[in-house]
Amino acid sequence: MGKGESVEYTNWATNQPDNENERCLEVLRDKDKGLLWNDRDCNGMLNFICEKEDQDTDSPENDSVSSWANVFDNSYVSPNVPLLHFGAKSYFVGRYFKATFLEAIGICKMMNMHLVTITSEEENTRLYKYIRDTNAGDGFWSSGSKLIDGKMWIWMSTSQIIEYTNWAPKQPDNNNEQCIHLILRKDNGLLWNDLGCNDRLHYICEKPRDFDSLDVNAKDVFGAGYGDSIIPCKGKFIIEK
Ligand SMILES: [Ca+2]
Ligand SMILES: [Ca+2]
């Protein structure tokens, strides 16, 4: 997760991985065999090991292309990490693990992404269709919350005040529910509900789309029906009508 890369080298313990519902990797110390791997439930409480890049060395691996923070932002993104590309953003739908609102912020950050912001009906509709068509789940965290002052709804990932909304009927309905939960209604779109921030939900991460590394197709970018052509220009885009 820290680099957005697929795991290639492995050192599984005997008969591991053994359970589809165990989605995190635990390392076990074995006196004879060294460090062995086990798939394990992600909610367990374990000790942990952190790592960071050594800033002092000049090894070629530390150049800007492969620097830690850029890995998920460029073409090194693992083909095994499925992203939805729409408009100027790419999205990752976290469907296999549920997290609290704050944990979801951390998980997106770990992938060098942000918890999602939704600023237009088009964006809300595209996410709705993607979630529906991929059966990704029925409840997701967005980065919308009023945790800052208890009153104002803000996209935490961008600090913008929330303008476009798509509240479900009778929502928001509770002053103690301070985070925005996206609800899939199969025939009725992606509706918003205020929910307690400590509830556990799936989540959607986003990042600016990296056009340079992609084979840009206008239909892909702006959805079928748009005839716009897009000319990449040093990372920025001119959209010709
Ligand atoms: Ca296991
Ligand atoms: Ca509510």
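**Close-up views of a predicted model**

**View 1. A hairpin joins β1 to β2 through three residues.** In this predicted model, strand β1, residues 24-30, and strand β2, residues 34-40, pair in the antiparallel sense, and the pairing extends over seven bridges. Within the pair, glutamate 26 of β1 stands opposite asparagine 38 in β2.

**View 2. The largest nonpolar core of the model has 32 residues.** Those with the most contacts inside this core are Tyr91, Leu115, Tyr203 and Cys205. Among the elements that give two or more residues to the core are the helices α1 (101-110) and α2 (121-133), together with strands including β4 (89-99), β6 (139-145) and β11 (201-208).

**View 3. The surroundings of cysteine 205 include Tyr91, Phe92 and Gly94.** Leaving aside residues up to four places away in sequence, cysteine 205 also touches Cys108, Met111, Met113, His114, Leu115 and Val116.

**View 4. Helix α2 has buried residues, namely Asn124, Arg126, Leu127 and Ile131.** These residues lie on the same side of α2, because they cover an arc of only 165° around the axis. The buried residues of α2 pack against β3 (84-86), β4, β9, β10 and β11, whereas the face turned away from the buried side carries the exposed residues Glu121 and Asp133.

**View 5. The end C-alpha atoms of α2 are 18 Å apart.** Just after α2, asparagine 135 takes a positive phi of about 50°.

How values were computed:
Residues numbered from 1 in each chain as written. Chains lettered and ligands numbered in written order. Predicted model: local features only at pLDDT ≥ 70, side-chain atom pairs only at ≥ 80, totals over all residues. Core = buried A, V, L, I, M, F, W, Y, C linked by C-beta atoms within 7 Å. Buried ≥ 20, exposed ≤ 12 C-beta atoms within 10 Å, placed from the backbone. Helix = DSSP H or I, 4+ residues; strand = E, 2+ residues; numbered from the N terminus. Contact = placed C-beta atoms within 7 Å. Pairing = 2+ DSSP bridges. Expected span 1.5 Å × (residues − 1). Arc of directions from axis to C-beta.
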